[in-house]
Structures are given as C-alpha cells and as structure tokens.
Amino acid sequence: MRRASPAGRPAAGGRPPRPRDAQPEQLGFEGMPERLFVCTPSRLGAYADCPRRYRYSYVDRPAPPKGPPWAHNSLGASVHTALKNWYALPADRRRPEVLPTLLKSTWVREGYRDDEQERESYRRALGWLEAYVAGLDPADEPIGVERVVAVKTGVLAFNGRADRIDSRPGPQGPELVIVDYKTGRSGLDGDDARGSQALALYAYAAERVFRRPCRRVELHHLPSGTVAAHEHSVESLARQVTRAEETARDIMAAERSVADGADPDDVFPTAPGPRCGWCDYRRICPTGSALPGKEPWAAVERFAAPTTED
C-alpha cells in the first residue's frame, strides 16, 4: 500500500497539494457566442413601431396595464379561429353551411360599442367567410394551419405562427406559400406583401423547417376578397433577415443599457404618430396620452382597422 507523503510534499508521480485557501482559476468568456435574441414578429414589430411600446410590453415588470380590448382584434381573432377550425374538419364536411356554427363557437365579444354593432360585425364576418371558402377546394390539405415555424440565425432565435402554409406546384417541384389572413384595412397590394417582415421571416423559417422552397407570400384580405402577393428571391429574404437581426441588436443593446442603470425613458423613446391613437398603452404614455385616442370600436365602425398585423 502506498504511504502518504509528508504534508507539503508531492507523492511520487503526483502534484503538489493545493493550499487550503487557493481558488480555482476562473475561465474567461472571451470567444463565447452571444446569446440569441428570442423573438416573434410581434416583438420585432413593437420595437420598430415604437421603442416605448416595446418597453411597456417586454421590459417593464410588472407590465403596465393595457387599455380596453379592441373590437377589431376580437373580430380578427374570431375569423382566424373559424378558418382554423374549418380546416380541422374532414374534407367532406368543409361546406359553407358549417360556417355559422364555427364562427359562433369562436366569436369574441370584447370591445364592441353595443349589441347592435356586435351583431352587424358577426353578419359581416360570416359573409366574408362564406365568400372566401367558396373559392377554396375543400380537398386541398395545407402543409400547416396556425403552424409554428422556427429558425435560428447568428443573432435570432425566431419563432412565429403562420396562418396557413400551402404546398403548390413549382417549376422544380412542390413549393411552399405563406398565407396570411387580413380582416383590417383595405387597399393592400404587392408592396404590402413585399414589405412585410413577418411574412418574409415565416417564409425563411418554413423553407428550413420543411426543406422545400418557400418564396411566395400572400395577404388574403377577406372583406374585399383580394389577394396581395409577392415572390421573394433568396436575396430579398436574406435582406429581411438582416433587417430583423439589426433590430434585435438594437433591442439587446437597449436592454443592456437599462440593466446597467440608464434611464429607460431615454433608452426606449416614444415614436409619436397615428399609431398612438390605437396603442394599448396610450393612457400611461406621456406622449401618447397627449394625442387623440380612438374608441375601442372605431375600426369596426368603418370596417378598416389600423395598419397592424392581424
């Protein structure tokens, strides 16, 4: 049996004993990758629209109270869920006569001025749905409905829920198409589809999740029955991803500044404009509260919601 060496002397072939008060060497973090910014289209869009709104939504804790619910959000959510449930039915049951039941079961009542406005909104929404599904082939099975797609880049850990992902024939085989339902403002065109960062990020992520080309994005405006579309290139999708990464870097820098003691009001400034009237935080925002606000039912009253992602 090997005999212990005297204190302070190494055993044969061993290392000198560590002094009792010695501390292990701390390894630095140089060269370690920075954390990815976890985001959705809504999160990126909030900062791009107004850094102060982003702060109220994602930085301040506890989060400040929001204003009352918006009727146009209730209307949009009801229509979206009804279409989701329509596709959840077997193909032989996807008929227009099931739509009243689907819409009633998903109907969100919040935000309307009164019962009369709510009933009129329901009738309009049902008409939109009936006209829309009349142009669909019930046998067509989308690749995904309310499908979450996710992707990582050098900066982003992106995830988002696409309304619908279709598979359609392309020159080189099946291609994916991102479909986004809109129930708000009218007059959407190809420029709206081309400029939508959310749609581009959905396409970029879907192509990697399903390993199929995904370049076409479409805005289906149910009130007017129109489709605004854009065909992206590899380069245009890459530009939208780069733009999202730049926004993410700005957000992370701002959050670090606040954590280091900077004034949140300076780091997350307001961006006053027409959107202020529709902001959930207008009542607590010094800038927004000084501007005219909209009634919760105003967009439904004219059936043209503000410029937001439905």
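**View 1. Surroundings of R55.** Apart from neighbours within four places in sequence, R55 is in contact with D60, P264, D265 and F268. Contact here means heavy atoms within 4.5 Å. This is a predicted model: local features need pLDDT of at least 70, side-chain atom pairs count only at pLDDT 80 or more, and totals for chains, interfaces and linings use all residues. Residues are numbered from 1 along each chain as its sequence is written, and side-chain values use heavy atoms, with hydrogens and water left out. R55 lies in helix α2, residues 51–59. R55 counts as buried because its relative accessibility is 11% (buried is under 20% relative accessible area, exposed over 50%, partly exposed in between; 1.4 Å probe, protein chains only).

**View 2. Cysteines C276, C279 and C50.** The whole structure holds zero disulfides (a disulfide is a pair of cysteine sulfur atoms within 2.5 Å). For C276, the closest cysteine sulfur is in C50, 6.2 Å away, so it is too far for a bond. C276 is buried, at 12% relative accessible area. C279 is buried too, at 18%.

**View 3. The chain as a whole.** The chain has ten helices and six strands. These are DSSP runs numbered from the N terminus: helices are H or I, at least four residues, and strands are E, at least two. Of its 310 residues, 42% count as buried. Among contacts between residues at least 6 apart in sequence, 66% join residues at least 24 apart.
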